Amino acid sequence: MLKGKTALVTGSTSGIGLGIAIELAKQGANIVMNGFGDHEGPKKEIEALGVKVEYHGADMSKPAEIEAMMKFAAEKFGGVDILVNNAGIQYVAPIQDFPPERWDAIIAINLSSAFHTSRLAIPHMKQKNWGRIINIASAHGLVASKEKSAYVAAKHGIVGLTKVAALELATSGVTANAICPGWVLTPLVQKQIDDRAAKEGITVDQATRELLGEKEPSLQFTTPEQLGGLAVFFCSPAADNVRGQAWAHDGGWTAQ
Ligand code: NAD
């Protein structure tokens, strides 16, 4: 379905981004990978699906590096048709103890980077009259939890940015939507489980059950593969007129 298209997925060396890149590659899309840590292993895994893969290590907190990455994607593949803004970080503390530099980093990586990639990707998409912007928000883009001020603010912000992009592009073949996952067992969440186990003196299994039980009625993690499937749906003709949605995939978290 996506043969001949190019998807750029920020933060695709791990977790949800990697899961989405794999599902888009299974549909034939060439992939521009980004993110920190080992990229050679994940790159080979995606290449094995028979598509072309390029990697750019831009730091999503740095607009100049984002511009270099978008230029790189245009040089390698002629432009980005599917933009998945996924890179993200977390920090947990009450507002009065929240380090200002952590606030700035979360807003830059989880929110502002999506503005920069979008502004640079939209001209090519409009010219082709086809494009998909898929922003990975969170259940925290729809509801709040304590001690996650920067994350919740950034995720609510990216839902707002998604709606504005959808409206500005509404008469074109370019759509913008957000995905709002509940808990997904990735390194980002494993750290929160491990911290909880250490703080409360309980096992990691108990901490996992508590974490799910507190928020997610299904008591199940959403998987990166499932989120990849939803991204593939957004890229399908069936979703041509799905615009500006914040689509929860959260085991009932935000239905409560
Ligand atoms: P993860 O830690 O497994 O992956 C994050 C990715 O972002 C990695 O590839 C990492 O290298 C990259 N990254 C981090 N900082 C970066 C930077 N400055 N520049 C470039 N890349 C950077 O986390 P994940 O759980 O897969 O999270 C992916 C996205 O999904 C995030 O936006 C997160 O907020 C969102 N999300 C996660 C969950 C969850 O339960 N895991 C739930 C809802 C939303």
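The side chain of S145 makes a polar contact with the side chain of K215, at 2.9 Å. (A polar contact is a pair of N or O atoms within 3.5 Å; within protein, one must be able to donate a hydrogen and the other to accept it, and residues adjacent in sequence count only if both atoms are side-chain atoms.) Please keep in mind that this is a predicted model, in which local features need pLDDT of at least 70 and side-chain atom pairs count only at pLDDT 80 or more, while totals for chains, interfaces and linings use all residues. Residues are numbered from 1 along each chain as its sequence is written, and side-chain values use heavy atoms, leaving out hydrogens and water.

**Around S145**

- You will find S145 in the loop between β5 (131–136) and α5 (149–168); helices (H or I, at least four residues) and strands (E, at least two) are DSSP runs, numbered from the N terminus.
- H140 is another polar partner: its side chain and that of S145 meet at 2.6 Å.
- Apart from neighbours within four places in sequence, S145 is in contact (heavy atoms within 4.5 Å) with H140, V152, K215 and W253.
- S145 counts as buried because its relative accessible area is 16%; buried means under 20%, exposed over 50% and partly exposed in between (1.4 Å probe, protein chains only).

- A238 sits in the loop between α8 (224–235) and β7 (246–249).
- With a relative accessible area of 63%, A238 is exposed.
- From A238 to G160 there are 78 residues in sequence and 23 Å in space, C-alpha to C-alpha.

**The two domains**

- Domain 1 covers 6–183 + 223–251, and domain 2 covers 185–221; these bounds come from an automatic or database domain assignment.
- Their C-alpha centres are 25 Å apart.
- Where they meet, 15 residues of domain 1 are in contact with 13 residues of domain 2.
- Together the domains bury about 1100 Å², with carbon and sulfur atoms giving 58% of that area; buried area is the accessible area (1.4 Å probe) that two parts lose on being put together, summed over both.
- On the domain 1 side, Q90, W183 and G251 lose the most area to domain 2, together 59% of what that side buries.
- Five residue pairs, with both residues at pLDDT 80 or more, are in polar contact between the domains.
- Salt bridges between domain 1 and domain 2 number zero; a salt bridge is a side-chain nitrogen of Lys or Arg within 4 Å of a carboxyl oxygen of Asp or Glu.

**Salt bridges in the structure**

- The structure has 10 salt bridges.
- K43 and E47 pair at 3.0 Å, N to O, and both belong to helix α2 (residues 40–47), four residues apart, about one turn of the helix.
- In that pair, K43 is buried at 18% relative accessibility, whereas E47 is partly exposed at 32%.
- E67 and R119 also form a salt bridge, again 3.0 Å from N to O; E67 is in helix α3 (residues 63–77) and R119 in helix α4 (residues 100–128), so this pair links distant parts of the chain, 52 residues apart.
- K128 and D81 form another, with their closest N and O atoms 3.4 Å apart.
- K128 lies in helix α4 and D81 in the loop between α3 and β4 (82–85), so the pair ties together parts that are 47 residues apart in sequence.
- D81 is buried at 3% relative accessibility, while K128 is partly exposed at 47%.
- R196, E200, E210 and E214 are joined in a network of salt bridges.
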